[in-house]
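I opened the notebook to look up how the parts of this structure are arranged and where they touch. My entries follow the order in which I checked them.

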Amino acid sequence: MSAHRLAPPSAILRHAVLLITGALILIPFVWMVSLSIKPPGEIFRASFSFWPEQFYGIENYTKALTNSPLPRYMLNGVIVCAMILALQIIVCAPAAYALAKLDFPGRNLLFAMVLIALILPHEVLSLPLFVLGYQVGILNTYAALIFPYVVSPFGIFLFRQFFKTIPDDVIHAARLDGLSELAIVWRIMVPMALPAIIAFGIFSIVSHWNSLFWPLIAVRDQSLMPPPLGIMVFKNGEAGNDYGPLMAASTLVVAPLIIAFLSAQRWFVEGLTGGAVK
Amino acid sequence: MAAITIEKIEKSFGATPVLRDVSLDIADGEFVTLLGPSGCGKSTLLRILAGLEVQTGGSIAIGERVVDGVRPKRRDVAMVFQSYALYPHMTVQENMAVPLRMRRLSSIQRLPLIGRFLPGTKAVGAEIEKDVMRTAKALGIGHLLGRKPGQLSGGQRQRVAVGRAMVRQPAVFLMDEPLSNLDAKLRVQMRAEIKELHDRLGVTFVYVTHDQSEAMTMSDRVAVMLDGELLQVASPREIYADPDDRRVAEFIGSPKINMLEARVRDNGLAEIAGTSFAIPGDITPGISLALGIRPEAFHLVEAGGDNILTGAVRMIEHMGSDLYVHLAVPGTEHPVIARLLAERAPQIASGQTLHLGVKPERLLLFAADGHRLRPHDHASATVLRMKERVQ
């Protein structure tokens, strides 16, 4: 229960605004789900209804799963996202620890560079990365999808901010207990920063699961494509104007994210605000 | 088992000196307290001992071995922190097992999942568990082993922190204000427990605090630090009754020692606020002194005269067993505080004029630079000459 309650008129106004913005964000999703269970004839009907007259869901979803290699795309998505996240944590946690807790010349300069990298949009780097990937010879492989994201300035920044809130005495105690610096990172800092790690994990997974731009550049092989790129190819190539199966495929692609987010919501919020309030 | 030799330690953060030429010998099994106000460098010195900070100059030896540049874990010291510094994601049992696991298991054996299937891990693990259990029982936290630090009270966390330090049987215990986060009652109790622990283990304790009652009650010797300097190292009794320096005298003792500015008139007589005081020793006339008088050194007398301070009662504090009487003595800057027996209370009222006598041997004399002048020093000139030689 909040500490102060609003007077009814302003409470109504506030809730109305919240409901409308919430609805604006939700409608496309609801529309997508609604279309995914409608037969083709109903999709382009002038009249407006969320629920189909004739339930066509099974056909649409079967088509989505069988006409395109959607399971393959999803598997690619899982492999790429898991690898990116694992490597990001492996790289970012020690870097963030060094920036937060170790004293060495040039630390502030390095942190400033991380901040600059945070400002740059990833798209700016796509051409150099493409050339680099070509030179190294990893284009059109999983490595091409994973490697540009391994060093995440956002991850370093977020972890550093969280690590800063951990008292130095804990690190001193760990050193006296005989832990090496890397052991401190993995056995003390990372478990203590779990909310931040989970928040970062959600961010990372959502953005790379949904990523379209870089995979479009990096891979050609259908068997390597992550879900959004796969759906795009599916739309252009085979489905044509068959929106029912397309929406079914989209629904299937978003579903894992929604489930993951809802189950990790508590940590997610805590991780983003944890450093600020304490 | 280890004695500690601290030799000419210097430390500065940037251009700011924190420790200046600190030297101290600590005997094996001794309980030494570093006492000083916050910011005096006592915690820094402790961290240097632990190897968590590197000194700018000087050298430290623990048990014959010079440990400069030796990593904290190789120094055989354990530390208890003011904030306890427990690992919040581990249970009490895991917290206490960490130092043992790091020492007894190889890095491969410590790996998650794989480690426990390697030969030997299980046996060592069982032994660690047994040692943790024994230490926990000794500290009365055996029933808390499954809990996490967040579920414990301050006193329990404190015990876990002590347990984690104790479990690996270090040669030296370092404690950095371990009691300052506890409430007053628990602090007194833990004070006794730590002292008892020291007696039982017989290892060297270096204890940092700003609380003089902790220092006085627990230590074999107290090292008083101020502004990065070690002013005096002596037994609690000596520190209180026989301070070397005005700053030590003023820091130790509650209520604070009365400091009266005086001018030496004739040999053996000093003038304070218009009255003459016989002072011990043989001090050259004309120089300025500070006379330190502990509140309990006063006794009530009937009438004024030489060696007696006269003033009006400004405030009376009843402390139960004692009475602190604040006296406004004309010619002195601060009120003079006398500690009298509580039975005197009915005879004393605010505003009343009191006469306080003091025996010459209870006077502590300090030169203008804060240096203590002792009765057996022949003359202030001798003291000054000696000081010149030192410098």
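Before looking at any separation, I noted that the domain bounds come from an automatic or database domain assignment. I also kept in mind that this is a predicted model.

Entry on the domains. I looked up the division of chain A and found domain 1 at 8-57 and domain 2 at 64-277. Taken over C-alpha atoms, the centres of these two domains of chain A are separated by 31 Å. For their contact I noted nine residues from domain 1 of chain A and seven residues from domain 2 of chain A. On the domain 1 side, helix H1 (8-36) and helix H2 (40-43) of chain A are the elements that give two or more residues, and H1(A) gives the most, with four residues. I recorded the residues of that side as seven nonpolar, one polar and one charged.

Entry on helix H3 of chain A. In this helix, residues 57-67, I found Asn60(A), Tyr61(A), Lys63(A) and Ala64(A) buried. They lie on the same side of H3(A), because they cover an arc of only 160° around the axis. On the face turned away from that buried side I noted Ile58(A), Thr62(A) and Thr66(A) as exposed.

Entry on the two chains. I then turned to the contact between chain A and chain B, which takes 13 residues from chain A and 16 residues from chain B. Helix H9 (168-177) and helix H10 (181-192) of chain A each supply at least two residues of the chain A side, and H9(A) gives the most to that side, with seven residues. I wrote down its division as eight nonpolar, two polar and three charged residues for the side of chain A that touches chain B.

Technical notes:
Residues numbered from 1 in each chain as written. Chains lettered and ligands numbered in written order. Predicted model: local features only at pLDDT ≥ 70, side-chain atom pairs only at ≥ 80, totals over all residues. Contact = placed C-beta atoms within 7 Å. Nonpolar A, V, L, I, M, F, W, Y, C, P; charged D, E, K, R; others polar. Buried ≥ 20, exposed ≤ 12 C-beta atoms within 10 Å, placed from the backbone. Arc of directions from axis to C-beta.
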